[in-house]
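Subject: Model handover

Hi,

Here is the structure we talked about. Please have it open while you read the notes below.

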Amino acid sequence: MSSPFATPALRLKNDLEGGEDVWAFVNRLRIKHNAINHGQGFPNWSSPQFVKQAVINAVTNDFNQYAPNTGLLELKKQIAKETSLKYGNRFALNENNIQITNGCAGALDCTFRAFLNPGDEVIAIEPFFTFYRTQICHSGGVLKTVALDLKFDLDRNQQIWSLDVAKLKAAINERTRILVLNTPHNPTGFVLSLHEMQQIAQLIRAYPKLLVVTDEVYDRISSVDVHHFAALSADTFARTIVCCSAAKTFSVTGWKIGWTLGPASLIRCINFTSRGHSWSVNTPCQRALVDILRHAQQPYQGFPTYYAWLNDMYSKKRERMLSAITQSGMSPITPNGAYYIMVDASKYMDILRAQGVFKRLNLKDPTTYYDWQFCAWLIENVGVAVVPGSAFYDYSKFSAQSKFKFIRFAYCTSDDTIAKTAKKLKLIAKLLQPQIASKL
Amino acid sequence: AFSNDEHTYKPASRLEIDLTGGKVVWEFVERLRVKHNAINHGKGFPNWSAPRFVKKAAMNAIANDCNQYAPSAGLLELRQQIAKETSIKYGDGCTLNEDNVQITNGCFGGLDAAFRAFLNKGDEVVLLEPFFTWYRTQISHWGGVIRPVQLDLEPNLNVWCLNMAKLKAALNDKTRILLLNTPHNPTGFVLSLSQMREIAELLRAFPQVLVVTDQVYDYISAAAVHQFAALSPDTFARTIVCSSASKTFSVTGWRIGWVIAPKKLIQYINFAARASSWAVNTPCQRAMVDILKVAAKPYKGLPSYYEWLNDMYTQKRERIVEAIRQCGMIPIVPSGAFFVMVDVSKYIEILKQKNVLKAVDLADPHTFYDWQFCAWLMETVGVAVIPGSAFFDATKFDKQSDLA
């Protein structure tokens, strides 16, 4: 029996239920079998030299004491300036529109903490970044999801992710306090179109209590135009909090330098929660980011800017990864942005089930979900680690009829790694469908 | 057209503390300090460079590509290093490992994680007063209510002391956490071993109370510093120790802290910490591994860096206390940390008689005498300090308050 002092707060209930954490599950097996890491979303190459040099300079030049709790002034000014430009100079942003946070994860958590009262609903598009759920729960909110659909695109002759705005409309009600829009989207790579954003802006006019929170952490990685909900109009700007970070853009996921951007009155509330959490954010990395942002605007490795170079690099990796997956006999759903691919591996899951390799499904134990079991099999037999797709869904909706079709590949890996993975993935067909393997 | 009206603007009710707290003392001091270019004896961070070996460790970590996500519990080697050093510190065959450690965004982040992990709405947190102002904000955000226990000034000895009967009276069945900051900010008071034992004994009657210690000034003390968690298996089982690199290594801006506790409690702290930012800055975590190893070795002629640090601060403490005495004010000599509370009532009286000070309006902290004196000090003398009343529970102030 647990001691009375050891009882956790009620807000941790989400952390306590749900069985083994998916990240721990994948990492444990990946390390055990020394599998190639296509699971967690961070690059396996060095951060760019100019990025590393900037923080080395900051440490040397004694930027090691407390930054202001709103964030380093020069950094806020730089972000405000660049964002004003990004938004077509229709908004005059300044340092009061920015709060520096512990990464984009910190930005989201501070936003939920600043605005959610117990019982408030938060709508997120499903599948969703797993941590939204916990963060929302800690601040008393209730997560409601609107699932993306798979539809067949005749132009591209393939399945694509699609948002049915009518579903979104049906989910919003008087209790909705926040609508989270993660675009480009993790884990699907879906990117909200301008038209979809305009439709959303229109339908939330009837809900003056609703705040939009955008997670734009992948906004520099996309093969289609990336639009900014906050920039649509003065109305959307007034009710949107933009969350972003340096992590994915500059390959420094470990620095934890992010920001929220929005109207000064809303940002002030986020300052309260940000300073309440950790007082201030790492100083040398904030200082470094000022130089990094300036540098990134200039020509880089033959491209007009670092951002153009980054996007080109990822688009090439996307193609290589898609090819590797297709050649293995699995069905990737082509993403437009971010650096993940959701892959339909149900064909192989069905084979393994038919062969009696899989344990029986027990809804109370996520390690028995078919995609989790397939990931374990993939790590052990093929040597490639990915994340089960169901981890990004609302498990309270799962049933015996659930399909558990998807696995998520991260392709923020070196070309070398992708090439090695391509070879290994060919093993799947050999192992499970030898009669077809030779034809692939 | 839709406008940014009070609907979307309305923050969560947990922010009431931030909205009703009035003008924050830090902004008040900072504004005037900058205006008058006053010497900064207000905020708690060093105005010298961090030691060379500390900076070098960070630069190495960056150059060696420690720039991607650390695990949410914190870098394994750092947790192991801290566990090892703490085991030695606690003695008695104590064997801690990485499962007893969570890395956090500074000690501040560790405390916040503890409140987030354990406070339900209405739970009380007993703490020593005066107190670090931000405890109250954090506790409020997570639904808790503070229950301050005021330190007394022993007038003859001119020291701070803790009346254990007062502490006992504050504990009740709504108490969820007892927060012990020792060495103490702002007084420099250090809990003695016998006081810790008395507290441990008191708590036996309150099985639902967790002890959370803020030990961020552990290495800066003229008096012996004791570890509440190490008193006995019973105290270890119910104690959450929070500390950080900030004050010890003069890197207040790095935001590297840690929580040490029994494995079961650390699990909950991990849930809270990972939700707040997933992970903590990686290169600075990596640097800390090297820094901790170097710090244990001889440094600048002293047996370890920690000895050197404490010796340095001891000398500074003596100098500042002397400087304060020489200008006619009364320092309450601290044992630890790097702050000194000073009785300036004599000069406040003089300024009152000269009609320099406005009348006190309890609704406006700017009118409290110590705030006014600080403003006068910055403007007329060019030295910035913090008004002591800011570290007390303002809701308890009345006209008779000794706001000096």
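First, the ground rules. This is a predicted model: local features need pLDDT of at least 70, side-chain atom pairs count only at pLDDT 80 or more, and totals for chains, interfaces and linings use all residues. Residues are numbered from 1 along each chain as its sequence is written, chains are lettered from A and ligands numbered from 1 in the order in which they are written, and side-chain values use heavy atoms, with hydrogens and water left out.

**The sheet in chain A**

Start with strands β8 (residues 211–215) and β9 of chain A. They pair in the parallel sense over 4 bridges. Two strands count as paired if DSSP finds at least two bridges between them. Helices (H or I, at least four residues) and strands (E, at least two) are DSSP runs, numbered from the N terminus. A:D215 has A:C243 of β9(A) as its bridge partner. A:V213 stands opposite A:I241 in β9(A).

β9(A) also pairs with strand β10 (residues 258–261) of chain A, antiparallel, through 4 bridges. There, A:V242 stands opposite A:L261.

The whole sheet is open, with 7 strands in the order β2-β10-β9-β8-β7-β3-β4 of chain A and mixed pairing. Its edge strands are β2 (98–101) and β4 (142–147) of chain A, each pairing on one side only. From one strand to the next, the twist averages 20 degrees. Helix α5 (residues 103–115) of chain A packs on the sheet and touches β2, β3 (121–126), β7 (176–182), β8, β9 and β10 of chain A. The direction of α5(A) makes about 155 degrees with that of β9(A). Contact means heavy atoms within 4.5 Å. Axes are lines fitted to C-alpha atoms, for helices over the stretch in contact, and angles run from 0 to 180 degrees between N-to-C directions.

**How enclosed is β9(A)?**

6 of the 6 residues of β9(A) (residues 240–245) are buried, so the strand is largely enclosed by the rest of the structure. Buried means under 20% relative accessible area, exposed over 50%, partly exposed in between (1.4 Å probe, protein chains only). In a regular strand the side chains alternate between the two faces of the sheet. Here A:T240, A:V242 and A:C244 point one way, A:I241, A:C243 and A:S245 the other, and all are buried.

**A:R239**

A:R239 sits in the loop between α9 (234–238) and β9 of chain A. Its relative accessibility is 2%, so A:R239 counts as buried. A polar atom of its side chain lies 3.1 Å from the backbone oxygen of A:I204.

Helix α3 (residues 25–36) of chain B has 12 residues, which at 1.5 Å a residue should span 16 Å. The expected span is 1.5 Å times one less than the number of residues. The end C-alpha atoms are 17 Å apart, which agrees. B:V25, B:W26, B:F28, B:V29, B:L32 and B:R33 are buried in α3(B). They cover an arc of only 160 degrees around the axis, so they lie on the same side of α3(B). The arc is that of the directions from the helix axis to the C-beta atoms. B:R31, B:V34 and B:K35 are exposed on the other side. The buried residues of α3(B) pack against β1 (39–40), α7 (133–141), α15 (369–381) and β13 (383–384) of chain B.

In helix α13 (residues 346–354) of chain A, the buried residues include A:Y348 and A:L352. Just after α13(A), A:G356 takes a positive phi of about 75 degrees.

Best wishes

Notes
A polar contact is a pair of N or O atoms within 3.5 Å; within protein, one must be able to donate a hydrogen and the other to accept it, and residues adjacent in sequence count only if both atoms are side-chain atoms.
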